[in-house]
Amino acid sequence: MSFIADAVLTEPSAALDLGAAPRGFRGRIRGLRAFASGGLPAEELERRLLELGFVEGAEVELLHQGLFGRDPIAIRVDSATIALRRREAAAVLVEPI
Amino acid sequence: MNEMSAGLRDLRIALVGNPNCGKTALFNTLTGSRQRVANYPGVTVERKEGSFVSPGGRRVRLLDLPGTYSLRARSPDEVVTRDVVLGQQAGVAPPDLLVCVADATNLRLGLRLILELKQAGRPLLVALNMFDIARHRGIEVDVERLSALLGLPVVTTVAVRRGGTEALLAAIDAQAPVGEGEAAWSAPDAAGLRALQREADRILAAVVRVPDRRDAVTRRLDAVLLHPVAGLVILLVVLFLMFQAVFAWAQPAMDLIDAGFQALGAMVGGLLPEEGPGGLLRSFLHDGLIAGVGSVLVFLPQILVLFLFILLLEDFGYMARAAFLMDRIMGGAGLHGRAFIPLLSSFACAIPGIMSTRVIDSRRDRLATILVAPLMTCSARIPVYTLIIGAFVPDRPVGEGAWSWVGLQGLVMFGLYAAGILSALGMSFVFKRLLWRGQPTEPFMLELPDYKLPRLRNLALGLWQRAKAFLRRAGTIILSIMVVIWFLSSVPRPPEGATQPAIEYSFAYSIGQAVEPLLRPIGFNWQIGVALIPGMAAREVAVASLGTVYAVQDAEEDTAQLGQALAGRWSLATALAFLAWYVFAPQCVATLSVIRRETGGQRWMWFSFGYMLALAYLAAFVTYQVARALGVG
């Protein structure tokens, strides 16, 4: 399965980032492109996203968004709903279904 | 079975699982009220331990570990979970069995944790919790296949139903105690986590059939409760209702307690002479002990109503939604979205609030939350607010018609809470700028659990624990302070033929006189000065101290309401300044000591004491001077 992630990493234009997705967006995770954010190194952000189920192949849906700056967002990841900010959601690369 | 197991030592079991997996409900069902809450040695992580006897006659000691997504501990809470699991926690013997609780309706993240735990090599049992909800929702789990694929025993549980733990208990009875020893484990890197989650997903695909829909109730509720505009409005309404309820619902119970203590006081007062050596004893029992304890205990109903709301919202699953709705607002003030839950708990008491900041991983964000948590109006301030509002704010509706259901007193109370909230946000903004020069806040990431109907049993247990904690406080710290206050305000006794009120011969009078010049600019008299000092030890004591100071001063007014006594003696400006003082009043000794423990030093404790004292003085000063300028002095 990991070749999908590698392909995305070398060719980021092939996927959208979840941070820019509109409400109601449905897609599948193609890869993670973590970066340093909120004082966390890229590797740590990646691990936190993984721990909350943002793994290649998982289905996501953008369910809700906040009032101010459409932030934060609530993402359905398979059987769980995770709240996070668009800034960090940008590390999740998705393709629409 | 019984004979065989009678000679064995207690079985040690630890519950581990994701947040929101129903672990605590399972713990409550298994142990009932046989549980103790203490701290792990050296850290302030709450250690919840309980015991029960299994159907097979085994005594079991059950440990409820803090919820975690991974053993890769990031917060103090998660460090404890990891160390207990690995048998490395000081003072905790390695468990004989780890029961990994997984939410059957949301197995994915739980399954990854199970795989991670399996690598640690400890004896492991999987409990698929909320199995009834899963079945109701059409989720089919092939338990035998899951057990085979995991290579672990798997049972299904329904924590909230009688008989829902039978399979788990049977599995526990089958478990033999294992030897000591540490487990080998190293934190997985991103590739390791990915591999684990992929394996979990593979297993899931093989054993679980999920109908392609989310929980319909949660979906419908979230459409409203997480609506960008309606959600915020509803959150405000919920908070407002909470404070109205604190006033309205608690009143009958409060009247009852009040009447009880007055009757007790009158009875004791009637048994002892007013003059001579017996007079001192009478004064101690009547004015010190009974009046003091009574004036604090009377607020138990309000504190319970407040905790009832907080527990209800938490069990219902609304707290995480509130954090979601408030994230941007909190973020604007430099706080982490997760700070919302600790801050909301601080409405009950700053101590659990400060302790629950452990869910915030970053030390800086945690510190900012700890510093402002005491600004949230804790329940210990309710007695003070209630007293002053009751005495100075008329009990009438705000307006006619549509507004007739909103009481003016409730509105003022709401305003005081709002002042606390706004100042907490403001101060964290200032701290962020001054202390940390705008370094970024850690990412906000939080699971929003499905809504669940709160269970009576869990609520009752939670309320009972809170009530116990409050009563213990009232019985120890507060009581001893009351005795000291009584002593200071009753000794020395006035000489024979004294013409002044008795208190003017006491130590309290001298202390009050000494601090009075400092307090004059903020409109406080010497009686307030006397009450403020013990009020720093525990806020609600200020009310009891005022009661003691005024009751001792005018013995014939013993039975009159303290509020009436104050209304006759204080100007409105003084009353308002007193309220303003208490919005910011430096926290109680217990809170200060928790801050010291949580921040690992005295520095931040003194810092928060100092800044709150300065704010309190400033707020009272401004309020008093403005009120006087407006002609209510």
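Two strands are taken to pair if DSSP finds at least two bridges between them, where strands (E, at least two residues) and helices (H or I, at least four residues) are DSSP runs numbered from the N terminus. By that rule, strand β5 (residues 80-84) of chain A is joined by three bridges to β10(B), and the two run antiparallel. Within this pairing, L84(A) stands opposite M445(B) in β10(B).

The model is a predicted one, in which local features need pLDDT of at least 70 and side-chain atom pairs count only at pLDDT 80 or more, while totals for chains, interfaces and linings use all residues. Residues are numbered from 1 along each chain as its sequence is written, and chains are lettered from A and ligands numbered from 1 in the order in which they are written.

**The sheet across the two chains**

The pairing of β5(A) with β10(B) belongs to an open sheet of seven strands, whose order is β1(A)-β6(A)-β2(A)-β3(A)-β4(A)-β5(A)-β10(B) and whose pairing is antiparallel. Its edge strands are β1 (16-17) of chain A and β10 of chain B, each of which pairs on one side only. Strands of a sheet pair through backbone hydrogen bonds, either parallel or antiparallel. Inside the sheet, β2 (residues 26-32) of chain A pairs with β6 (residues 92-96) of chain A over five bridges in the antiparallel sense, and I29(A) has V94(A) in β6(A) as its bridge partner.

**Chain A**

Chain A holds three helices and six strands, which follow one another along the sequence in the pattern α-β-β-α-β-β-β-α-β. Of its 97 residues, 52% are buried, a residue being called buried if 20 or more other C-beta atoms, placed from the backbone, lie within 10 Å of its own. Among the contacts in chain A with a separation of 6 or more, 62% are between residues 24 or more positions apart; two residues are in contact if their C-beta atoms, placed from the backbone, lie within 7 Å.

**The interface and chain B**

In the contact between the chains, 34 residues of chain B meet 35 residues of chain A. On the chain B side, the elements that give two or more residues are α4 (107-120), α8 (190-207), α14 (318-332) and β10 (445-447), and α8(B) supplies the largest share, five residues. By class, this side has 17 nonpolar, eight polar and nine charged residues, with Ala, Val, Leu, Ile, Met, Phe, Trp, Tyr, Cys and Pro counted as nonpolar, Asp, Glu, Lys and Arg as charged, and the others, Gly among them, as polar.

Chain B itself is assigned domain 1 (2-213) and domain 2 (249-298 + 456-570), with bounds that come from an automatic or database domain assignment. Four residues from each of these two domains take part in the contact between them, and the domain 1 side of it has two nonpolar, two polar and no charged residues.

**Backbone details**

Notes: A residue is buried if 20 or more other C-beta atoms lie within 10 Å of its own, exposed if 12 or fewer, and partly exposed in between; C-beta atoms are placed from the backbone.
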